[in-house]
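Biologist: I would like to learn how to read a model of this kind, one feature after another. Please give the general idea before each case.

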Amino acid sequence: MIETKRLTIKPLSLDELRSHVAAPNEMAAEMGVTPSQSLMDEQTKDAILADLLPFMTDPEKDPLFYTMWIVIERSQRAIIGGICFHGEPNEDGEVEIGYGTDVDFRNKGYMTETIEGLLQWLAKNEKVTTVTAESETSNIASARVLQKNGFQIVGQKDNLIQLRLDLGQTTTH
């Protein structure tokens, strides 16, 4: 779990992730928080089922890189977004992140704060040297969140901006 000034960033256990997919409102109630209003769409559900859950039970895998980390705004006790990895670091120490923020909580610095906290956590993992992310070209705010945390644009593929941060060069907003 990661604590920032306003947020708790909690990795879901295997049972919590299963519950989050099956009944996100019930999972939030069990945790004593207001559920996300937009975190569990069909695309996210499909990605969790195909790309995360199968690896959570593999003893050779680090489950923290195969789960959803929910972002809880502490003063409102609300799930306001989520962030996850696209698997463990590769042989070059690169790990990719993906994230989303509920509409009502956008443009308030929450995801910038979330990524800053996650980067501080990743900096303690000697297997991770580089963090990458992609953002749709139409989603300028998402790219800006990454840039505020020191990411640099390194390319574009189709409608995706590719960004990268070498952890030795972390500079936050």
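Biologist: Is Ala22 buried or exposed?

Modeller: Relative accessible area decides: buried means under 20%, exposed over 50%, and partly exposed in between, with a 1.4 Å probe and protein chains only. Ala22 has a relative accessible area of 66%, so Ala22 is exposed. Ala22 is found in helix 1. From C-alpha to C-alpha, Ala22 and Asp41 are 12 Å apart in space, and they are 19 residues apart in sequence.

Biologist: What should I know about the source of these values?

Modeller: This is a predicted model, in which local features need pLDDT of at least 70 and side-chain atom pairs count only at pLDDT 80 or more, while totals for chains, interfaces and linings use all residues. Residues are numbered from 1 along each chain as its sequence is written, and side-chain values use heavy atoms, with hydrogens and water left out.

Biologist: Which residues of helix 1 are buried?

Modeller: A helix here is a DSSP run of H or I with at least four residues, a strand is a run of E with at least two, and both are numbered from the N terminus. In helix 1, the buried residues are Leu17, Ser19, His20 and Val21. These buried residues pack against helix 2 (24-31), helix 3 and strand 3.

Biologist: What is Met27 in contact with, apart from its neighbours within four places in sequence?

Modeller: Contact means heavy atoms within 4.5 Å. With those neighbours left aside, Met27 is in contact with Leu12, Glu16, Ser19, His20 and Ile79. Met27 is found in helix 2, and its relative accessible area is 2%, so Met27 is buried. The C-alpha atoms of Met27 and Asp15 are 9.8 Å apart in space, for residues 12 apart in sequence.

Biologist: How is the packing of two helices read, and at what angle do helix 1 and helix 3 pack?

Modeller: Two packed helices are described by the angle between their axes and the distance between the axes. The axes are lines fitted to C-alpha atoms, for helices over the stretch in contact, and the angles run from 0 to 180 degrees between N-to-C directions. Helix 1 (residues 14-22) and helix 3 (residues 42-56) pack at about 160°, and their axes are 11 Å apart. Angles under 35 degrees count as roughly parallel, over 145 as roughly antiparallel, 65 to 115 as roughly perpendicular and the rest as oblique. Helix 1 and helix 3 are therefore roughly antiparallel.

Biologist: Which residues make the contact, and how do they divide by class?

Modeller: Helix 1 brings Leu14, Leu17, Arg18, His20 and Val21, and helix 3 brings Lys45, Ile48, Leu49, Leu52, Leu53 and Met56. By class, eight are nonpolar, one is polar and two are charged. For these classes, Ala, Val, Leu, Ile, Met, Phe, Trp, Tyr, Cys and Pro count as nonpolar, Asp, Glu, Lys and Arg as charged, and the others, Gly among them, as polar.

Biologist: How do helix 4 and helix 5 cross?

Modeller: The axes of helix 4 and helix 5 (residues 140-148) come within 9 Å and cross at roughly 40°. That angle makes helix 4 oblique to helix 5. The contact is formed by Met111, Thr112 and Ile115 of helix 4 with Val145, Leu146 and Lys148 of helix 5. Four of these residues are nonpolar, one is polar and one is charged.

Biologist: How many residues does the largest nonpolar core have?

Modeller: A nonpolar core is a set of buried Ala, Val, Leu, Ile, Met, Phe, Trp, Tyr and Cys residues joined through side-chain atoms within 4.5 Å. The largest one has 40 residues, and Ile97, Ile115, Leu122, Val131 and Phe151 have the most contacts inside it. Helix 4 (residues 110-122) supplies the largest share of this core, five residues. A second, separate core of six residues includes Leu7, Val71, Ile80 and Phe105.

Biologist: Is Tyr110 buried or exposed?

Modeller: Tyr110 has 9% relative accessibility and so counts as buried. Tyr110 is found in helix 4. Beyond its neighbours within four places in sequence, Tyr110 is in contact with Arg6, Leu7, Glu73, Gln76, Ile80 and Phe105.

Biologist: Which value does phi take at Arg77 and at Asp158?

Modeller: Phi of Arg77 is near 50°, a positive value in a residue other than glycine. Arg77 lies in the loop between strand 3 (68-73) and strand 4 (78-85), and at 42% relative accessibility it counts as partly exposed. Phi of Asp158 is near 55°, again positive in a residue other than glycine. Asp158 lies in the loop between strand 7 (152-157) and strand 8 (160-166), and at 69% relative accessibility Asp158 counts as exposed.
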